[in-house]
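Here is a short note to read beside the model. Please look at the structure first and then take the points in order.

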Amino acid sequence: MLPCLDEAAALPWVLSRVPQGWTAIVVDNGSTDGSAELAAALGAYVVAEPQRGFGAACHAGLRAADADVVAFCDCDGSLDPADVESVAAPVRAGEADLMLARRRPTGRGAWPLHARAGNLALARMVRRRTGVPLHDLGPLRAARRTNLLGLDLTDRRSGYPLQMVLRACEAGWRVRETPVPYQPRTGQSKVTGTWLGTLGAVRDMRAVLR
């Protein structure tokens, strides 16, 4: 599942990196740059989600999927969709129930300081609350679709990834992480590219923690 809001510049590379055997579900969240049409032309299955919000787009993709093991990935070129194979492998093997990709910056500007600081603070809160030794709440992750639907996720904003982790931990899932490269995104981030966007994401996630 690839939540998408005005990512036409990144889509050709992102979709070319989806591994064979995986179906790219691009969830268009109100793009005005032709992202939906471009994704369809490049062979992706496109879902329209009019309710704005990262969680709304992710959950629309989850509902549209029909595979046993599914994955989420940003659509901005910062993460390589080819890495989904290594992230999903422990789920397929029955060694983990939810796998998260721990981002490792590969170049200058790949992970702005304010975004990294916000992520570290939230990861620390999650460790204290759950006891699970996580270091990143990044967007590249994999699990079994029916299990995810069973978590009854309700957040439709930036708190969706955090709510997924918290409810998975509360349900006794084996939550693990594995490192992946993280490179500068294509274009300007709508969430963590600015201090204001980062503060909004942290606010949404703290609401989930409460």
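1. Helices here are DSSP runs of H or I with at least four residues, strands are runs of E with at least two, and both are numbered from the N terminus. By that rule the protein has eight helices and seven strands. Keep in mind that this is a predicted model.

2. What is the overall size? The C-alpha atoms fill a box of roughly 45 × 40 × 30 Å along the principal axes. Of the 210 residues, 53% count as buried.

3. How many aromatic pairs does a search of the whole structure find? The search gives one. Its members are Phe 72 and Tyr 160, with ring centres 6.3 Å apart and planes at 70°, so the pair is edge-to-face. The cut-off behind that label is an angle over 60 degrees.

4. The pair joins distant parts of the chain, since its two residues are 88 residues apart. Phe 72 belongs to strand S4 (residues 69-72), while Tyr 160 belongs to helix H7 (residues 160-170).

5. Are the two partners buried or exposed? Buried means under 20% relative accessible area. Phe 72 has 4% relative accessibility, so Phe 72 is buried. Tyr 160 has a relative accessible area of 1%, so Tyr 160 is buried too.

6. Helix H7 is mostly covered, with nine of its eleven residues buried. Besides Tyr 160, the buried residues include Pro 161, Leu 162, Gln 163 and Cys 169. After H7 comes Gly 172, which has a positive phi, near 85°.

7. Strand S4 turns up again at the second largest pocket, where S4 gives the most to the lining, with four residues. This pocket has a volume of about 410 Å³. S4 and helix H4 (84-92) are the elements that give two or more residues to its lining.

8. Which residues lie nearest the centre of the second largest pocket? They are Met 1, Trp 22, Thr 23, Ala 24 and Ala 71, out of 23 lining residues. By class, the lining has 19 nonpolar, two polar and two charged residues.

9. Arg 103 lies over the face of Tyr 182, at 5.0 Å from the ring centre.

Technical notes: Residues numbered from 1 in each chain as written. Predicted model: local features only at pLDDT ≥ 70, side-chain atom pairs only at ≥ 80, totals over all residues. Heavy atoms only, no water. Phe/Tyr/Trp six-rings, centres within 6.5 Å; stacked < 30°, edge-to-face > 60°. Buried < 20%, exposed > 50% of the residue type's maximum accessible area, 1.4 Å probe, protein only. Lys NZ or Arg CZ within 6 Å of the ring centre and 35° of its normal. 1 Å grid on protein atoms, 1.4 Å probe; cavity = no way out; pocket = protein on both sides within 12 Å on 5 of 7 lines; lining within 4 Å. Points joined across faces, edges and corners; volume = space filled by probe spheres on them. Nonpolar A, V, L, I, M, F, W, Y, C, P; charged D, E, K, R; others polar.
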